[in-house]
Amino acid sequence: MTNPVPATTPDRVRGSRQAPSRRRRRLSLLILGGVTLALTGAPASQAAVTSFGSPLGVPATLDTANNLSYAGTDIPIPGKVVHVNHDGADTALWNARLASGAPTAPASGQLTAVKLEGCAQAAEGGPAPLTQIHFQDLVPTPGGGARVPNPGGSSQAFDIPICGVAGVSGTTITTYQPTNLCVRQGDYIDLNTEGGFDSTYYPSGVPYRVIGSVAGSVMNSFVRHNATGNGSQFSPSDTTNHDGFAANPDRELMLQGTLATGPDASVGCGGTRGPKAPVPGPPISIPNQTD
């Protein structure tokens, strides 16, 4: 009667006879490890989506009508003097410096999403505030200014929620998805509003509560009627007491962008997602035509 083979056979033989078995196990582990690295490493090599801008770490407690650095204008009316902070006109806001985070795009690509914290504040007893907004790519210019590319510098229109409606407040974060808005490395992203002027209820424009108080951050602004669209220039030397350029220290626009590159960006923005432009064929020869 033969002895049964034990379930676990101990290593009884050492040296050359055992070495090939161990080499095979090591080779198998290396192959398996290589497959694992390939699988786990693929997302890292294709990690083509990143965020930049405000970390959205504080609530939006300040607004565009009352907390921008313009001297404003005193307007006398019968019986009193009314101070208007600035024109209630088209406005561009962007972060020039952040106490935490990078205000500019880390690479060239496509802005696929924008998170904006805040809301539009309605005037008590007045009409509903204008809610239409846009986002823009801003190219830095010498001296600390910026310009809006033309064409393609602005997103389609969106609507910002109204404060107090359905629980919306200065801590509400809304995500928007621009269509094919391209940015270059080092560009800013701005919030562009149409002001929403009303002589009675919104003399300095609608109070868009989208600004946080953050020591060390600097938010720039540019206010002027019909001067913030594609092709516009925002120069620090262009400033008055009621419009133009202003640097707003210790202010932060509560805006964060999502940047896609490579396989996550459209072909139009330098990526590889979507159909490529057709390759032109040979020129067509058209013979002379006769009636």
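C182 lies in strand β11 (residues 181–183) and C269 in the segment after β17 (255–260), so the pair ties together parts that are 87 residues apart in sequence. Their sulfur atoms sit 2.0 Å apart; a disulfide here is a pair of cysteine sulfur atoms within 2.5 Å. In general, a disulfide is a covalent bond between the sulfur atoms of two cysteines.

Before going on, please note that you are looking at a predicted model, in which local features need pLDDT of at least 70 and side-chain atom pairs count only at pLDDT 80 or more, while totals for chains, interfaces and linings use all residues. Residues are numbered from 1 along each chain as its sequence is written, and side-chain values use heavy atoms, with hydrogens and water left out.

Now, are the two cysteines of this pair buried or exposed? C182 counts as partly exposed at 25% relative accessibility, whereas C269 counts as buried at 10%. Buried means under 20% relative accessible area, exposed means over 50%, and partly exposed is in between (1.4 Å probe, protein chains only). The strands named here are DSSP runs of E with at least two residues, numbered from the N terminus, while helices are runs of H or I with at least four.

The count comes to 2 disulfides. The other bond joins C119 to C163, with an S to S distance of 1.9 Å. Its torsion is about 95 degrees, so the disulfide of C119 and C163 is right-handed. C119 lies in strand β6 (residues 119–120) and C163 in the loop between β9 (158–159) and β10 (173–176), so this pair ties together parts that are 44 residues apart in sequence. Both C119 and C163 are buried.

Next, find strand β12 (residues 188–193), where 6 of 6 residues are buried. Y188, D190 and N192 are on one side, and I189, L191 and T193 on the other. Strand β4 (residues 91–97) runs antiparallel to β12 and is joined to it by 3 bridges; L93 has L191 as its bridge partner. Strand β7 (residues 132–141) is also antiparallel to β12, with 6 bridges, and Q136 is partnered with D190. Two strands pair if DSSP finds at least two bridges between them.

Finally, look at N220 in strand β14 (residues 211–223). N220 is buried, with a relative accessible area of 6%. Leaving aside neighbours within four places in sequence, its contacts (heavy atoms within 4.5 Å) include L93, W94, G144 and F245.
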